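Notebook open, structure loaded. I wanted the overall build first, then the charged side chains.

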Amino acid sequence: MRSGIRAVLLGAAAAVAVSSVSWAVSPSLSDILPRGAARGGVAEVDFHGGNLADACDLLFHDTGITVAEIGAAEAGKVHIKLNIAADCPLGTHAIRVRTKTGLTNLKLFSVGALVEVDENEAGNNDQKNAPVIALGSTINGQVTNEDADYFAFDLNAGDHFAVEVEAMRLGGPLFDPKLRFFDEVGHELVAEDDTPLMSQDAAFVYPITVAGRYIVAATEAAFGGSGGFYYRLHAGKFPRPLAVTPMGGQPGAQVNVTWLGDPALAAQAVTSPAQSVLATAVYVSSDTGFAPTPVPFRASALPGTLEVEPNNDAATATASAAPGAFDGVVNQQGDIDFFKFEGAAGQVYDVRVYAREMGSPLDSVAVILNPSGSALASNDDAIGPDSYMRVTLAETGTHLVYVNDHLSRGGQTFAYRIEVSPVAPVLNFSTSLGAGYYEPANMALHAGNRNFMLLNVGRADFDGP
């Protein structure tokens with residue numbers, strides 16, 4: 001018995017030892033510099049990390065980028081030329097480095113449509129002598145400790161000046177950027193920190209009424225900074241909506257949308273993304289260019305209804321149907337939006353508000369009323385700040401659902417989407433690996449070899465096998 005136990009222990013120790021050795025030689029990726037490049041050309045990029053001397057390829061999770069040439073490689077860095085297609089999707093792309101011994105972790109690389117400019121740190125810390133940058137530029141910069149980077153732009157009356165920074169969304173250290181905007185005499189016009197659509201990154205659009213030289217400042221929100229605080233600052237006259245309504249459409253359909261947050265943008269038709277298990281988005285363009293990053297958009301088979309104002313009470317509720325999706329905007333302080341639909345006693349629905357998850361500042365509260373006027377259900381924060389509830393209709397007749405902000409706030413970008421859908425079976429997958437580590441997203445499988453992954457599958461709302 002003792003010899004059997006000893007054999008098992010020795011086997012386990014050997015497995016751990018092999019695992020430790022394999023992790024010791026596995027490649028890793030810490031930084032991609034620069035953090036992005038313009039589409040329609042060749043970009044020279046350094047991939048920094050560990051155990052990269054035998055790098056032989058890149059693994060892309062999106063289309064539009066290919067390897068042109070792998071250059072000098074050493075343990076801590078490999079230089080690679082990238083071909084970026086002219087129609088490469090804008091925004092972040094996931095990349096891994098493949099070596100002869102394994103695959104690195106995933107890092108994000110941003111593709112833009114503007115002229116790329118490198119920050120000159122030696123000359124941009126003085127607001128009065130900020131370097132002049134051409135409109136339609138993407139500045140690749142870095143915020144060091146207590147650093148403030150200033151950039152000047154010559155603007156004309158009538159310009160809609162748009163600025164967006166990518167930092168937190170590119171991964172890496174928890175860099176919370178802040179943007180400030182000054183007129184030519186130094187008056188602060190904008191101080192933008194966490195724009196909801198950008199998570200903890202920032203963006204703004206400012207209509208210029210007086211021609212002059214204006215200043216944009218990029219800092220860390222608490223005036224911190226470090227060697228790893230890299231950013232991409234987009235500045236120009238490109239379109240930059242901060243929300244959209246409706247927030248979704250049936251897969252592949254043409255949807256007429258209204259862009260919110262950029263007064264220069266008109267309503268236009270967009271193609272709803274194909275059905276996907278991943279998050280989907282729509283890309284924004286106008287005669288002034290392309291938005292640097294897309295806007296989240298739901299691809300859903302549910303038929304949609306757009307609110308018709310006024311719909312602030314039961315008497316003026318927007319007529320809709322269930323199952324269905326109801327879209328609107330809580331467009332002013334104290335606004336409440338009502339929708340009505342016909343339902344039969346015993347019907348079961350999942351009612352989900354999409355707002356904060358889609359980049360809206362709305363902190364939703366949703367309420368469903370029975371035909372008799374009594375409350376059937378209500379919810380505030382079931383999924384983050386968004387609302388969700390499962391309801392069984394108790395009466396037959398006209399039901400009401402309404403939504404408002406938890407603090408009665410409102411504004412032009414407080415968009416939402418309410419999806420009232422039948423209950424559907426769902427599989428929830430989780431993964432776990434043995435030998436003392438948990439890296440299900442980073443399993444390397446060598447040619448002709450094998451590996452294992454333990455899947456724990458949770459079933460919800462199945463009425464059979």
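I started with contacts, which I take as heavy atoms within 4.5 Å. Among contacts in the chain with a separation of 6 or more, 66% come from residues 24 or more positions apart.

Ground rules before I go on. I am working with a predicted model, where local features need pLDDT of at least 70, side-chain atom pairs count only at pLDDT 80 or more, and totals for chains, interfaces and linings use all residues. I number residues from 1 along each chain as its sequence is written, and side-chain values use heavy atoms, with hydrogens and water left out.

**Overall build**

I looked up the secondary structure and got one helix and 39 strands. Along the principal axes, the C-alpha atoms fill a box of roughly 80 × 70 × 40 Å.

Next I checked burial. I call a residue buried under 20% relative accessible area, exposed over 50%, and partly exposed in between (1.4 Å probe, protein chains only). Of the 465 residues, 44% count as buried. The accessible surface (Shrake-Rupley, 1.4 Å probe; for residues, only the protein chains shown count as cover) comes to about 21,700 Å², and 55% of that belongs to carbon and sulfur atoms.

**Charges**

I counted 27 positive and 51 negative side chains. Lys and Arg go in as positive, Asp and Glu as negative; His and the chain ends are not counted. The centres of the two sets lie 10 Å apart, with each charge placed at NZ of Lys, CZ of Arg, CG of Asp or CD of Glu.

**Salt bridges**

How many salt bridges does the structure hold? I found 18, using a side-chain nitrogen of Lys or Arg within 4 Å of a carboxyl oxygen of Asp or Glu.

Lysine 81 is partly exposed at 27% relative accessibility, and glutamate 44 is partly exposed at 47%.

Then I looked at arginine 352, which meets glutamate 357 at 2.6 Å, N to O. Arginine 352 is buried, at 10%.

Arginine 409 pairs with aspartate 405 at 3.1 Å between the closest N and O atoms. Buried or partly exposed, I asked of arginine 409? It is partly exposed at 31%, whereas aspartate 405 is buried at 0%.

How values were computed:
Helices (H or I, at least four residues) and strands (E, at least two) are DSSP runs, numbered from the N terminus.
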